[in-house]
Amino acid sequence: MKAAGLAGVLATFGQAYLASKPLARGAARVWRAILACRTAILGGHVETCDHCGTTRHVYHSCRNRHCPQCQTRAKEAWVAARRREVLPVPYFHLVFTLPHDLNGLIAAAPRPLYETLFAAVSATLTEFAANPRHLGGVSAFSLVLHTWKQDLGRHVHLHALVAGGALAASGEWISPKKGFLFPVRALSRVFRGKFVAGLEALRSAERLPGLVAMPADWQRLRQRLYVHDWVVYAKPPLGGPEAVLDYLGRYTHRVAISNERIVGIEGNDVLFRVRADSASGKKRTLRVPGAEFIDRFLQHVLPAGFKRIRHYGLLSPARKKVALAAARVALAVPPPQAAVIESVDEFMQRVAHIEHARCPHCKIGQFRVVAILLPERNLRNPRGPPR
């Protein structure tokens with residue numbers, strides 16, 4: 001068996017895959033970035049230990065949001081920024097899932113479908129928070145889009161992290177009355193109604209593909225969408241601010257598959273780990289042909305410029321500064337401390353428990369930059385298909 005991460009899979013099966021299938025521009029950009037990540041293609045620098053003279057080459061990261069090698073520091077920086085926004089109240093994690101009957105439409109028109117999903121979920125949560133039967137104010141919540149299952153099949157859902165309470169027009173903080181945030185069955189019905197209404201608006205504006213062009217096709221799909229209740233899952237409330245941030249960090253910058261889950265390549269197949277049982281946490285190894293693995297991965301490439309993490313209510317960009325200050329006054333808590341910008345060395349020490357600049361050979365000296373490695377532009381092909 002050949003060990004490989006995602007870049008290794010693309011390099012091994014890429015030529016045959018590209019010879020048989022067209023590749024969208026966005027997917028090609030992601031493909032090139034993953035293959036170039038932390039290689040001479042992107043350039044870097046040479047470091048030498050000032051004690052023993054050991055030399056190492058350090059190459060730049062691609063920073064693509066679909067690359068499994070580039071998310072840790074991006075996630076940490078994002079969570080650090082959110083640290084100043086978390087309120088000292090319980091937080092609730094809700095998951096809104098689209099039925100698989102919509103997978104064909106999503107594959108054909110991902111951007112409008114994802115936008116409709118965000119709109120339906122945000123409107124549902126805003127409406128429930130404003131209802132005096134539940135809270136009667138403006139809540140604070142963030143939504144994160146995920147599109148995959150463990151086996152890389154399409155499974156479109158939004159994770160919602162919602163503050164436990166809302167700010168009333170009077171300036172009072174209103175906490176949940178019954179120990180839970182909102183009734184999930186009622187959330188499910190309202191969410192479904194808003195999403196289907198959004199679909200109808202897209203169809204009227206001719207923004208949906210030919211899959212539902214005929215009235216009969218649309219009616220059949222609509223009937224299927226109302227056969228079952230839609231899944232809205234509510235997890236138990238989370239603890240204090242640090243627990244919330246740690247929990248949130250698991251979801252915000254997750255990619256469809258991490259390199260750690262890819263066991264390796266065996267013949268024409270890719271072997272990767274999936275959860276056998278979500279309750280027990282046990283894993284099993286799945287074997288998938290290389291071309292099919294690439295197909296499954298590429299269906300989770302987001303449209304260019306699409307924001308998969310969005311904030312609403314008290315956290316919306318237009319009102320965040322004033323609204324969060326008012327919420328802290330209502331909760332009688334001080335303003336957050338000034339943000340601290342963390343150096344690369346501090347980040348590596350905290351996350352990886354290593355001193356990034358310390359020489360691992362002599363364990364005495366420090367690595368110093370002695371030369372710059374320019375990108376190997378002859379190996380770069382920023383606009384054409386992957387090579």
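How many helices and strands make up the secondary structure of the protein chain?

1. Overall fold. The model is a predicted one. Its protein chain contains eleven helices and 13 strands. The C-alpha trace spans about 70 × 60 × 40 Å along its principal axes. The chain has 387 residues, of which 44% count as buried.

2. In soluble globular proteins, nonpolar side chains tend to be buried together. Here the largest nonpolar core comprises 45 residues, and the members that touch the most others are Leu 102, Leu 125, Phe 191, Phe 195 and Leu 199. At least two core residues are supplied by each of β3 (91–97), α4 (103–108), α5 (110–130), β4 (140–148), β5 (154–163), α6 (184–204) and α7 (215–225). The largest share, nine residues, belongs to α5.

3. Arg 254 is located in the loop that links α8 (241–252) to β9 (262–266). Because its relative accessible area is 36%, Arg 254 is classed as partly exposed.

4. Nonpolar surface patch. A nonpolar patch on the surface consists of Val 369, Ile 372 and Leu 374, whose accessible area together is about 340 Å². Leu 374 belongs to the segment after β13 (367–373). Is Leu 374 buried or exposed? Leu 374 counts as exposed, because its relative accessibility is 67% and the cut-off for exposed is over 50%.

Terms used
Residues numbered from 1 in each chain as written. Predicted model: local features only at pLDDT ≥ 70, side-chain atom pairs only at ≥ 80, totals over all residues. Heavy atoms only, no water. Helix = DSSP H or I, 4+ residues; strand = E, 2+ residues; numbered from the N terminus. Buried < 20%, exposed > 50% of the residue type's maximum accessible area, 1.4 Å probe, protein only. Core = buried A, V, L, I, M, F, W, Y, C linked by side-chain atoms within 4.5 Å. Patch = residues over 30% accessible without salt bridge, like charges linked within 9 Å, V, L, I, M, F, W, Y side chains within 5 Å. Areas by Shrake-Rupley, 256 points an atom, 1.4 Å probe, with all protein chains shown as cover. Salt bridge = Lys/Arg side-chain N within 4 Å of Asp/Glu carboxyl O.
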